Amino acid sequence: MDKDEVPGRDTSKFENNPNLSISSLHPIEKKLLIVLRMVEAGWVTESDLAKKSGLTSDQVRRGVEWLRYKDLVQITEDTDFKIYLHPDMSATEHIVLPERMLVDIVNNGVIKMSEIIKSEEFRGNDKEVFGAIRYCKKNNWISIIDDKVTLLPDSHKPSSEENFMAKLRNKGSVLESHFDNEDKKAFESLKKRHNILVTEKLLDKKYRIAQISVPIVDSLLLTGDKVVRNLTQDVLVSGKWRDLIFEQIDVEAPLPLLNYGKKNPLVDFIDEVKEILVGMGFSEIEGNLTQSCFWNFDALFIPQDHPARDMQDTFYLKSQKDLYSPLPKNTQLLEHVSKIHRDNWQYDWNIADSKPYVLRTHTTPVTLQYLSEGKPEKDKVFLIGRVFRNEKVTFKHLVEFHQVEGIYVNEDANLRQLIGIQSEFYSKLGIKKIKFWPTFFPYTEPSLQSMVYNEKFDKWIELFGMGIFRPEVTKPLGIKNPVLAWGGGFERLAMLRFNLDDIRELYSNNLTWLKSVPKCL
Amino acid sequence: MPVVNVRTSLLSRVFSEISLEEIIEKLPYLGLDIEGLDEANDKIRIEFNPNRPDFSSENGIVRALKGILNVELGCPSIHDLRASSSSIIVDEQLKNVRPFIYGLVAKRAFPIDNEELTQLISMQEDLHNGIGRNRKKASIGLHDYDALTFPLLYKGVSRQAKFIPLDGNKECSLADILSDFDVGKKYGPILEKFEFVPILLDSKDNIISFPPIINGNTTRVDLSTNNLFIEVTSVNPKSAKDMLSILSFELRDMGFDLYSIVVDSPFYEKIVTPMLEPHKLQLDFKYVNRMLGLELTHEEILVCLQRSRCEGIDKGSGKLECIIPSYRIDLFDKVDVCEEVAIGYGIFNLEPLHPSTYFPGRKNNQSIIFDKVRDILIGLGFMEIINPDIISKSLVRDVFLEAGHSDKKLVTLDDSKNTDFELLRNSLIPSIINTFSKNIHEKYPQKLFEIGKTFSATDDEIREDWSLCVSIAHNTTDYTEIKSNLESFMKYCFNAIVTTPRHDTNYFLTGHSARILLKDQKIGEIGEIHPQILENLNLRTLITVYEFNLSAVVNILNLDQIRIV
């Protein structure tokens with residue numbers, strides 16, 4: 001179920017670490033070493049290991065791999081041959097070789113060659129008879145004078161071939177590696193003859209404890225009543241620990257990672273940016289995500305027929321019945337804004353178009369309400385919050401994302417200070433190369449856009465926009481001094497921070513990713 | 001943002017002393033974005049901001065570049081607008097329809113070429129889309145001057161009137177055009193509520209235009225046209241004046257001689273169009289320096305304005321009069337003049353300045369409290385997730401079953417490009433369960449929390465609350481475990497004790513859920529998620545959850561002001 005469940009047994013984790021500990025044994029390793037230790041440093045085959053350790057062949061293979069990695073065990077791969085009787089030979093109980101057949105015939109009194117060939121046994125097959133004679137002579141069983149066969153004393157003894165066959169019949173099979181000299185001779189002879197033996201090639205792995213590792217293994221295999229693996233409460237309290245030897249455990253093998261609690265990486269990054277801004281003297285403000293068209297657009301000098309207000313780009317909200325956002329109680333403000341719109345944009349400003357609720361398309365309505373309430377002569381505030389755009393979600397566009405925005409109000413606030421504030425902010429984020437270009441926003445003038453140089457991608461990236469709020473925006477709010485404003489999408493920074501190509505990753509809540517982002521990056 | 005194509009060969013010809021690289025480098029400092037450079041096809045694609053419709057042609061961009069590159073300074077003007085007796089008479093019937101029409105005649109000894117026609121038509125499109133608000137506010141007609149006879153009559157007619165529309169070969173009624181032609185379908189709604197629709201007739205009773213839909217075919221402009229008649233119809237005089245100004249300067253730059261036209265309208269006195277008088281703004285030199293943070297001399301400010309193709313006059317006593325060409329419709333306030341000075345000065349020359357006034361920055365109270373909430377939950381082993389505020393109906397249906405889905409207080413989106421985004425969540429529980437369902441291959445136990453906004457409709461307004469949702473998923477999680485977590489959290493974070501009277505809802509296992517009360521006020525819910533919901537989301541692991549209104553807790557416990565000591 002769990003990929004982390006076998007502690008430290010993922011050999012891939014070992015691969016980069018040549019100085020691995022051999023100070024501890026897994027129970028499988030222990031069983032294998034006990035078997036191997038019984039034969040000192042002799043070779044043991046895989047099948048023998050399995051049999052004697054009581055482990056499955058799969059466990060043996062895995063355990064041996066671990067031990068080999070620790071340099072405790074050596075492996076050799078031998079070829080061997082398993083020899084057994086051909087099914088034709090093993091089928092009948094008393095099969096005899098032709099040479100023995102010949103001896104038996106002579107023993108029964110048939111001594112003339114011509115008669116032997118014609119005998120019931122050989123049925124005129126003279127080739128077989130000559131073959132039999134050849135083997136009989138080799139065995140020193142017969143002598144032939146003229147046409148007559150005479151048995152010699154050795155004819156009563158079994159030949160080495162007969163002995164070997166008897167052994168095969170008895171044992172079923174014999175390994176070539178186990179041959180004695182007689183076996184070897186018989187095998188050489190018999191393998192040339194048809195349908196007597198079957199030879200099967202065997203590949204067998206064999207293992208042994210490396211000679212130099214024997215003392216280490218011995219210390220690892222310490223057993224007995226005095227040896228325990230762990231300190232237990234019982235052992236502690238009873239004082240038994242004084243008499244015990246504690247097994248060495250593996251102190252270096254990697255272990256499974258724990259589940260842990262942590263802040264979301266994006267929230268964490270937002271916090272870091274908040275710290276920077278607070279350090280620069282900005283105070284945090286907060287406000288609603290649902291806003292009236294008045295605050296989201298009208299108060300920002302965005303005319304009611306502006307394309308950005310289309311349902312195509314902005315989310316309008318409804319419920320079972322229509323929803324209407326409460327407009328500012330200060331009717332003077334409404335009148336002032338309405339007049340500015342009529343005068344500048346030459347259209348009939350309609351209060352009905354100011355009332356619908358939208359999901360804020362930027363954080364600026366919150367800033368405006370803050371300014372409208374406090375009417376500060378000087379101030380420095382920021383907010384980081386969600387904004388919404390009715391767009392298709394792609395790797396670089398989200399429907400919901402965060403915006404960071406800050407303002408600076410003061411009697412002497414000016415454009416160069418705005419450039420100064422931005423430069424300081426970027427430099428605190430570690431961005432060194434920046435440039436500023438003029439741009440356009442309906443509610444700021446002059447307006448600038450900042451470009452920052454990203455070393456990783458070796459290119460300039462458009463970051464925050466900024467400007468001084470237009471008097472058409474600040475006057476109705478009762479703000480007399482210039483208001484420097486800057487802001488932009490936060491996720492763009494976060495993608496640089498977390499090295500992401502796909503903005504959607506930030507909100508995927510993929511636990512693997514969430515855990516993989518280190519707290520200190 | 002709109003895009004204009006500029007020929008690199010034209011730039012090289014006009015600025016023969018300056019390299020193309022240097023010109024391209026300067027473009028962003030006019031507020032232009034280079035979208036692509038295609039030298040092989042003699043083309044730079046340039047994005048311009050919609051407040052600068054005068055940038056919708058290459059001539060407009062060249063005009064501004066000349067200033068910033070010191071090739072030609074000051075306010076461009078058309079001194080040789082020739083008077084003509086050609087006139088347009090406006091019929092009273094158009095009073096509420098599209099009452100304004102401005103026009104001009106442009107003459108040249110040789111015909112318009114293909115590149116010029118392309119530029120003019122592309123400019124017309126940009127003006128229609130931008131200040132014309134998709135032709136609703138104003139629209140332009142280009143005509144072959146030699147194919148019509150003055151005076152013209154601008155009047156309202158019924159939709160039964162017939163003429164041969166542009167590129168057509170037979171007569172069509174206005175009604176047919178509105179119902180059958182693509183332009184009719186697209187722009188017809190502008191005229192929907194009117195009984196009479198506007199047409200422009202020449203003295204021989206030819207319909208030469210049906211604004212803002214389509215021109216007539218008789219005055220079609222092609223590569224044999226030498227002389228042009230241009231008309232702008234509009235719902236207000238400013239839009240008509242602005243558009244015609246921009247077109248006037250474009251035609252002058254193309255080498256046309258411009259002739260005015262008299263408009264005789266019952267809505268105002270006889271006027272002569274185009275109106276190309278520069279407009280003027282008064283301000284103090286000091287104001288400019290204060291806004292920009294500079295200490296420029298009067299003379300320097302005047303040069304900066306000239307480089308921005310405006311003109312400044314030192315009126316004495318620190319007073320500055322800024323003269324603005326009529327095509328710069330984006331300049332109407334003192335601050336706009338400041339930006340022109342900054343652009344003329346060169347934005348790259350503005351050194352950063354650090355405000356010296358001290359402000360003690362601080363996080364707001366809510367952030368501070370939420371940070372502490374996070375601390376405790378992280379200590380209890382929970383991982384923070386963030387989910388969208390907008391979720392799908394199907395998720396709400398899967399998790400809250402019918403009861404939650406038919407909630408009358410749900411706030412929904414009017415229109416969305418994605419089916420995953422249909423309503424504002426009124427609880428964080430659906431999202432958190434959805435997150436579990438997307439992480440079924442991850443190690444268990446999984447312990448998640450989210451702090452997020454929830455939305456509900458009250459009367460005709462929307463209420464927003466911060467909510468905290470905490471949830472545990474593993475094979476043996478149960479009410480005891482989640483309640484132990486809730487009580488631990490409330491104790492460690494707020495030193496508060498909650499009570500949990502039994503309460504059944506259909507998304508919790510019956511008998512295994514409760515309400516959460518703090519000081520006898522309902523703040524949330526706790527329980528074991530109903531197996532039906534786990535099944536709906538293909539979850540094979542048990543889930544327990546609690547959620548409460550964090551804003552309400554802050555209120556009840558009076559945490560809205562930070563007390564350090």
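The model is predicted. Chain A and chain B bury about 8,100 Å² between them, and the contact draws on 99 residues of chain A and 88 residues of chain B.

**Domains**

- For chain A the division is domain 1 (11-79 + 205-246), domain 2 (85-197) and domain 3 (266-288 + 360-516).
- Within chain A, the centres of domain 1 and domain 3, taken over C-alpha atoms, are separated by 62 Å.

**Interface between chain A and chain B**

- Of the roughly stated total of about 8,100 Å² buried between chain A and chain B, 54% is on carbon and sulfur atoms.
- A:Arg416, A:Pro438 and A:Leu511 account for 9% of the area that chain A buries against chain B, more than any other three residues.
- Eight salt bridges are counted between chain A and chain B.
- Over all chains, the whole structure has 57 salt bridges.
- The side chains of B:Asp336 and A:Arg470 form a salt bridge with an N to O distance of 2.8 Å. This pair crosses between chains: B:Asp336 belongs to helix α10 (residues 334-345) of chain B, while A:Arg470 sits in the loop between β17 (459-469) and α17 (471-477) of chain A.
- A:Glu286 and B:Lys453 also meet through their side chains in a salt bridge, at 3.5 Å from N to O.

**Helix pair in chain A**

- Helix α5 (residues 98-107) of chain A packs against helix α7 (residues 126-138) of chain A at an angle of about 90 degrees, and their axes are 8 Å apart. The two helices, α5(A) and α7(A), are therefore roughly perpendicular.
- On the α5(A) side the contact is made by A:Pro98, A:Glu99, A:Met101, A:Leu102 and A:Val103. On the α7(A) side it is made by A:Glu128, A:Val129, A:Ala132, A:Ile133, A:Tyr135 and A:Cys136.
- Sorted by class, the contact of α5(A) with α7(A) holds nine nonpolar, no polar and two charged residues.

**Helix pair in chain B**

- Helix α3 (residues 58-68) of chain B and helix α7 (residues 237-253) of chain B pack with their axes 9 Å apart, at an angle of about 85 degrees. That angle makes α3(B) roughly perpendicular to α7(B).
- From α3(B), the residues B:Asn59, B:Gly60 and B:Arg63 meet B:Phe249, B:Glu250 and B:Asp253 of α7(B).
- The contact of α3(B) with α7(B) comprises one nonpolar, two polar and three charged residues.

**Backbone details**

- A cis peptide bond runs from B:Phe150 to B:Pro151, with omega near -5 degrees. B:Pro151 is located in the loop between β6 (138-144) and β7 (152-157) of chain B.
- The peptide bond from B:Thr273 to B:Pro274 is cis, its omega being near -5 degrees. B:Pro274 is part of the loop between β15 (271-273) and β16 (279-284) of chain B.
- A:Asn140, a residue other than glycine, has a positive phi near 60 degrees. A:Asn140 is found in the loop between α7 and β3 (142-145) of chain A.

Technical notes: Residues numbered from 1 in each chain as written. Chains lettered and ligands numbered in written order. Predicted model: local features only at pLDDT ≥ 70, side-chain atom pairs only at ≥ 80, totals over all residues. Heavy atoms only, no water. Domains from an automatic or database assignment. Axes fitted to C-alpha atoms, helices over the stretch in contact; angles between N-to-C directions. Helix = DSSP H or I, 4+ residues; strand = E, 2+ residues; numbered from the N terminus. Parallel < 35°, antiparallel > 145°, perpendicular 65-115°, else oblique. Contact = heavy atoms within 4.5 Å. Nonpolar A, V, L, I, M, F, W, Y, C, P; charged D, E, K, R; others polar. Buried area = accessible area lost by both parts, 1.4 Å probe. Salt bridge = Lys/Arg side-chain N within 4 Å of Asp/Glu carboxyl O.
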